[in-house]
Every structure is written in structure tokens, then in C-alpha cells.
Amino acid sequence: MLRMFLRRASLALLLMAAATALTFALVTAAPGNVAALIAERAAGAGADAQMIERIADELGLNDPLYIRYARWLGGALNGDFGTSLRTGNSIAEEFRERIPVTALLLAGGGVLALIYSVSLGLWGASSNGGIADRVLHGVALVGASTPNFFVAALLVIVFAVGLGWVPSFGVYGWTSWILPCVTIALFPGSVLARVVRVNLQETMARPFATTGFAKGMNRGEVLVREALPNIAIPYVTTLGAQFTLMIIGAIVVERVFGLSGIGSFFIEAIRFRDFIGMQAVLALFVVFFVSVNLFVDLIVMLIDPRLRRARRA
């Protein structure tokens, strides 16, 4: 088990290095001159070619790409991602302020998606082709087809503007998190609900489900006691994939609801051509994606002993 985990962790580190190198090269190749941007914001119209060249030399922008990447990676490993061109603040400080906001949004959305998907999937499986199953299938289909910005706008119009139950912008207590978390949870929750429903339907046709009915259990008891634990692996795998995609949804949700998180910082960095900030956020996204997938692989190995036996064989 430990050997397998170390192997997966090593592959994850290699993937992080390759992905950060690729994003660094892409951001570097983007149109625009970092030295010129800094000079223009420092001296305005008085910026000349000599000043731009001096800033480029000071920042090492004239060095080969691999040297610049190695220097940036060394700083990033020590927590130094550089200074934001837009705010002038250390990006590490920006991260310390903004990561808790995004983390709380993802955690709340993840919990809601889990509860929503399992409840909807079990309810549909209990109905087994009935009216409730068809209605819930339609609800899940609509939820998986509706973009985040439309869901956010609809929720704001109904619950914030129309009913006045919750705030629509900024953070003013725990109620401010209700609409953002619901918005970001709807799509992954709907996808996961279909995963639960389809896998429960397949599992209920297996012999152990028939044995459960022979023991006198009703359909609900067989679903919860026998079928639900047997869909843990496909559910956890899909949950991990959907959770990583929620970081993309956070970019839209944070802007709509005025949350000062990583997604909002990323949009602002793009608008103001803050290449240093963009590179730092992309690196953070890479670490997030790879770390979540590594964690999911570990959970799957713990759940299914067949994977460990296969490796040992």
C-alpha cells in the first residue's frame, strides 16, 4: 500500500512539474511585455526604451526560458510567487487572503453536491421508473445543462431581489454563502445524481440484491444497505473529477457574487495583463487538480482491496 502511494505521489510530482512548465511557457509567450507594463505604470508617458531594458535586466526577463522557469519554480517552492503587477502586493499575501474564501466556497459546494446527488439518486432508484424517477431525471438533466452564470442570476433575482431572504453581493454573515454554494453545487450534484441512479440500477440486478429481498428487506433497505456501498468506487472517482472542475465554476461564481477569492483574482489578473499573477494562479490550479486526483486514488485503493492484490500479484 505504501509503495503504491509513493509511486502515485512521484508521478503526481512529475505531472505538476510538467504542467507548471507548460503554463509558464504559455504565459511567457502571450502578447505583451512585462517590463514595458511595469515601466508604464511607474513612469507613465515618461517610460523610454532604456528604462524598459533596465527593468527587463533586473527581472531577468532576458535570460533563457529554462533559467527563468527554474528561478520562478525555486521561489514558488519557498512560497515566493513574485509581486502582482496589478496591486503591487506580494502574490503570497494575496493568496493568504483569498484562498480561504475559495476553499470555503468549494467546501460548501462539495457538501451540497454530495447530499443532493445521493438523495436524488436514492429517491429515483426507490421510485424505479415511476413518476418521481422521471421528474428527478428531468431535474438532474436541467441542472447538468444550465451554466453557472444563468443559475446565479436566477437565484439572485428570486431569492435576493424578489424575496430578500439572502444578500446578493459580498460577505455579510453565513447567509451570504447560501446562493454561491448552491450555484456551484448544482452542476456537479446533477452529474453525480445520474451516476448514483445508473449505478444503483445496475447493482440492484446483482445476486446480493436478490438475496437481500429474500431476507425480507424492502427496496429501500436493499438500496441503502446492499447497493449503495457497492457504488462507492465509481461515485468517489466521479466526485473527485467534478470537485476539481468546481474550481473553474468558482471563477464565475466569485465574480457574480462579489467574493474576493482566487477565481476573482485570476479574472482581474487577465484584465490587467498581470502575467505574474496569472502564472501563480495557474500553478495553484495545477497543484489543486493533481492533489485532488492523488487523494481520490488513495481513497479508491483503501476502499477496494482488489487493487492492492492486483499490484502485489
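Guide: On a 1 Å grid over the protein atoms alone, a cavity is a set of points where a 1.4 Å probe fits but cannot get out, and by this rule there is one cavity of 30 Å³ or more. This is a predicted model, in which local features need pLDDT of at least 70 and side-chain atom pairs pLDDT 80 or more, while totals for chains, interfaces and linings use all residues. Residues are numbered from 1 along each chain as its sequence is written, and side-chain values use heavy atoms, with hydrogens and water left out.

Visitor: How much space lies in the largest cavity, and which element gives the most to its lining?

Guide: The space is about 50 Å³, a volume being that filled by probe spheres set on the points, which are joined across faces, edges and corners. Lining residues have an atom within 4 Å of a point, and α6 gives the most, with four residues.

Visitor: How is a pair of aromatic rings described?

Guide: It is described by the distance of the centres and the angle of the planes. Rings of Phe, Tyr and Trp (its six-membered ring) pair if their centres lie within 6.5 Å, with planes under 30 degrees apart counted as stacked, over 60 as edge-to-face and the rest as tilted. The whole structure holds nine aromatic pairs. In one of them, tyrosine 69 and tryptophan 72, the centres are 6.2 Å apart and the planes at 25 degrees, so the pair is stacked.

Visitor: Are tyrosine 69 and tryptophan 72 buried or exposed?

Guide: Both tyrosine 69 and tryptophan 72 are buried, meaning under 20% relative accessible area, against over 50% for exposed and partly exposed in between (1.4 Å probe, protein chains only).

Key:
On a 1 Å grid over the protein atoms alone, a cavity is a set of points where a 1.4 Å probe fits but cannot get out, and a pocket is an open set with protein on both sides within 12 Å along at least five of seven lines; lining residues have an atom within 4 Å of a point. Helices (H or I, at least four residues) and strands (E, at least two) are DSSP runs, numbered from the N terminus.
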